[in-house]
Protein chains: 2
Amino acid sequence: MSQHTPVVVIVGGGFGGLSTARALKKAQVKVILIDRNNHHLFQPLLYQVATSVLAPGQIGSPIRGILRKSENTTVILGDVTGIDTAARCVLVNSADRIGVKISYDYLILATGVQHSYFGHDEFEKYAPGLKSLADAVAIRNKILRAFEQAEAEEDPSHHKELLTFVLVGAGPTGVEMASAIAVMVRSTLKHEFRRIDPASARIVLVDMATRPLGTFAPELSDAAQRRLTELGIEVRLGHGVDSIDDEGVVVAGDRIVSKTVIWTAGVAPSPAGKWLNAETDRAGRVRVRSDLTVQDHPEIFVVGDTASLDQDGKPLPGVAQVAMQQGRYASSLIRCRLEGKPCPSPFRYFDKGNLAVVGKGFAILQSGKVRLSGLLAWLVWAAVHLQFLAQSSLRVSVFVQWVWTYVTGQRGSRLIVKHHCD
Amino acid sequence: MSQHTPVVVIVGGGFGGLSTARALKKAQVKVILIDRNNHHLFQPLLYQVATSVLAPGQIGSPIRGILRKSENTTVILGDVTGIDTAARCVLVNSADRIGVKISYDYLILATGVQHSYFGHDEFEKYAPGLKSLADAVAIRNKILRAFEQAEAEEDPSHHKELLTFVLVGAGPTGVEMASAIAVMVRSTLKHEFRRIDPASARIVLVDMATRPLGTFAPELSDAAQRRLTELGIEVRLGHGVDSIDDEGVVVAGDRIVSKTVIWTAGVAPSPAGKWLNAETDRAGRVRVRSDLTVQDHPEIFVVGDTASLDQDGKPLPGVAQVAMQQGRYASSLIRCRLEGKPCPSPFRYFDKGNLAVVGKGFAILQSGKVRLSGLLAWLVWAAVHLQFLAQSSLRVSVFVQWVWTYVTGQRGSRLIVKHHCD
């Protein structure tokens, strides 16, 4: 028993970190998973919290609950602040203690991404981004409060700025948010206001690209754009925002007055590259080798959005599927090495396809040569997302909520809560 | 059409305000309901949000959603700051505007209560109270974080203070919170920690009274106390807390080290008495006449927890039933006056009974001469609380969650979210 059990430290409880931990459940290792949140977040549905459809607890579940049966795994709530690669330890602030050292034999960095304002950090104050549950709750407050303020405001000349919503960035988050707001103003909020008509709200989606959802095939972007227009959303492409301030945004010299601007554009990787002092790509993601390890550090793996790896000459996309497959690959490599077996061939991403939803009962789907848009794609979207929720209880609860919202138009969690700061 | 439609302003969307507005749905009046929150809060289940069983959205529903079909009612999100009784208008801060005047012909004040530290406001920093959803989320964070900190803390000598929970006040909230924490440590958190045993947590319930749940009959208090002891809760009666600081509490000279102290003791009424410059009782509640109006102001009603009225020589209790019955009474009086009919007889509270839950499958019930404790009382408790939830969708969702929690021990919303300040 005096033999040292290898310690695998995983930083991050997102799709990458969690799939690594799960795959190591029966390995002869001690796993320590560190996250600064107590919950795994099902990020693909985060926009539904921001638009009041789902409650935070329906897409966030305690990491230690998910890993309850992984007896070799200890979950630690803490903030990683650095890595000492020579001493092989991670520095963590946890439990009110600063710089606790946690030693590893293998390290998995699965630290994801945060927003990026592309050098315009002054935009953040006016245009919050959407990455965490706290962000989603803050954006939900902001959207709902705009309607409340308009209803309380007796001077109709102020209604326009309060009832204009601008989404900056026409990727999946921007498109999904814009269409969810459009559906909300026409169904959920109908009949609830006496002085304003929520359906008169103006929703503007801005992107410097020339089509929305640029990672999809052009014909699917076109289908999405037609759908956005049907939903009454103004899609303004080909120009980014010149500026954002407390009166709204300026796009190609044109001012759009709005009290509610939401940043759905850029992401930047976590500081993992700095911690490792490793080579990064232009976006700041850590360049990994074909086995997902870092140059000169075969014991350090980087997986998911914070890793940079090309496949067939193209960088892998920042999606949950990549992170999960990479997490499983890293864990299998660790097991092979420990058991002295030959290592598996280099990591290869198998793309099962991509989906984006555009309002009620409409999605686009691209998988291999399949291109689909409309209700059928939306049903696939719903089924896939339910399937990937971490816990079966959440599957039931989200499914019931979706059916309820689909049928009645009512949403599940339309609260404005002025949270205490802590 | 030039005839003036009487305006009824209701301040507060709790049980009292909401029942008034509902009862005025078909009256020939214009109703304006003002609340500082966008949601009605089902306060009797607030402790279940604080202990992770329910999500905030399951006990809070948008007031304007509840009153959607009351076409004569406008809902305003705003903070009332004062009342000009001579000019008959309410002063409101809303939509970023200060001191908006809203005129009334009839005014209903249903502003409820807030915590009171009985002159020890310095306790608040260490012992938060439980009155709003934001409070419940903050207390949930505090409780869950204590277990996380203990798990991250490698020095076991610090575990004791992190795993001790003190509830100050053995009324319904204190008893329900203490028992919900006790159930959580033995079921939900089981198997999830590797360094600590959550079941070793110490839970202490303190009150200066000599029995818990003092508003119930002595034999029911005794039954509750036996049950609390069975749940492993230390019940310390007959002494209040001498002091509370960041190291814990002192009770009768004895220090209990604890990082998690929760205030479940006192409440004080809203400033309605000051707004009106009206006579109040010693607790600060507005003395109302037998028709719930204020002396010299037959157009102003005070209902619910912020009103003081004796019945059969005893003050009416601060419970939802009283507020709802008073709200309906006030609205019937207004309708009679408008229609020139004879006024109804003085308000009389009909007490349907009281309930308090003590852990899983156990409650006490007192109704007329009926005294009941145990599983049957708990089933009545569950049925009554489901019935009084404002919206049918919440009834379904809370019922499903309760069954799930009862069967699996899992809770619905066990999140630590570091909210942005706003």
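Helices (H or I, at least four residues) and strands (E, at least two) are DSSP runs, numbered from the N terminus. What you see is a predicted model, in which local features need pLDDT of at least 70, side-chain atom pairs count only at pLDDT 80 or more, and totals for chains, interfaces and linings use all residues. Residues are numbered from 1 along each chain as its sequence is written, while chains are lettered from A and ligands numbered from 1 in the order in which they are written.

**Stop 1: a three-stranded sheet**

Select β25, β26 and β27 in chain A: these three strands make an open, antiparallel sheet in that order. β25 (354–357) and β27 (370–374) of chain A sit at the edges with a single partner strand each, so one side of each has no neighbour in the sheet. From one strand to the next, the twist averages 5 degrees (axes are lines fitted to C-alpha atoms, for helices over the stretch in contact, and angles run from 0 to 180 degrees between N-to-C directions). Now zoom in on β26 (residues 363–367) of chain A, which pairs with β27(A) over five bridges in the antiparallel sense. Click on A:S367 and look across to β27(A): A:V370 stands opposite.

**Stop 2: another sheet, and a loop in it**

Next, pick β14, β15 and β16 of chain A, an open antiparallel sheet of three strands in that order. Its edge strands are β14 (241–245) and β16 of chain A, each pairing on one side only. Here the twist averages 20 degrees from one strand to the next. β15(A) and β16(A) are antiparallel partners over four bridges, and A:V250 stands opposite A:R255 in β16(A).

Stay here and select A:A252, in the loop between β15 (248–251) and β16 (254–257) of chain A. What is the phi of A:A252? It is positive, about 50 degrees, although A:A252 is not a glycine. For background, most residues other than glycine have a negative phi. A:A252 counts as exposed because it has 12 C-beta neighbours inside 10 Å. The rule is this: a residue is buried if 20 or more other C-beta atoms lie within 10 Å of its own, exposed if 12 or fewer, and partly exposed in between, with C-beta atoms placed from the backbone.

**Stop 3**

Select β12 (202–207) of chain A. Five of its six residues are buried, so to speak mostly covered. β11 (residues 164–168) of chain A pairs with β12(A) in the parallel sense over five bridges, and A:L167 stands opposite A:L205 in β12(A).

Then move to A:L213, in the loop between β12 (202–207) and α8 (218–230) of chain A. Its phi is near 50 degrees, a positive value in a residue other than glycine. Is A:L213 buried or exposed? A:L213 counts as buried, with 27 C-beta neighbours inside 10 Å.

**Stop 3: two helices in chain B**

Switch to chain B and show helix α1 (residues 15–23) and helix α10 (residues 320–338). They pack at an angle of about 35 degrees, with their axes 7 Å apart. To find the contact, highlight residues of α1(B) including B:F15, B:S19 and B:A23, then residues of α10(B) including B:A320, B:M324 and B:S331 (two residues are in contact if their C-beta atoms, placed from the backbone, lie within 7 Å). Seven of the nine residues of α1(B) are buried, so this helix is largely enclosed by the rest of the structure. Among them are B:G16, B:L18 and B:A21.

**Stop 4: the two chains together**

Where the chains meet, 47 residues of chain A are in contact with 47 residues of chain B. Which element of chain A gives the most to this side? Select α5(A), which supplies 10 residues.

Definitions and conventions: Two strands pair if DSSP finds at least two bridges between them.
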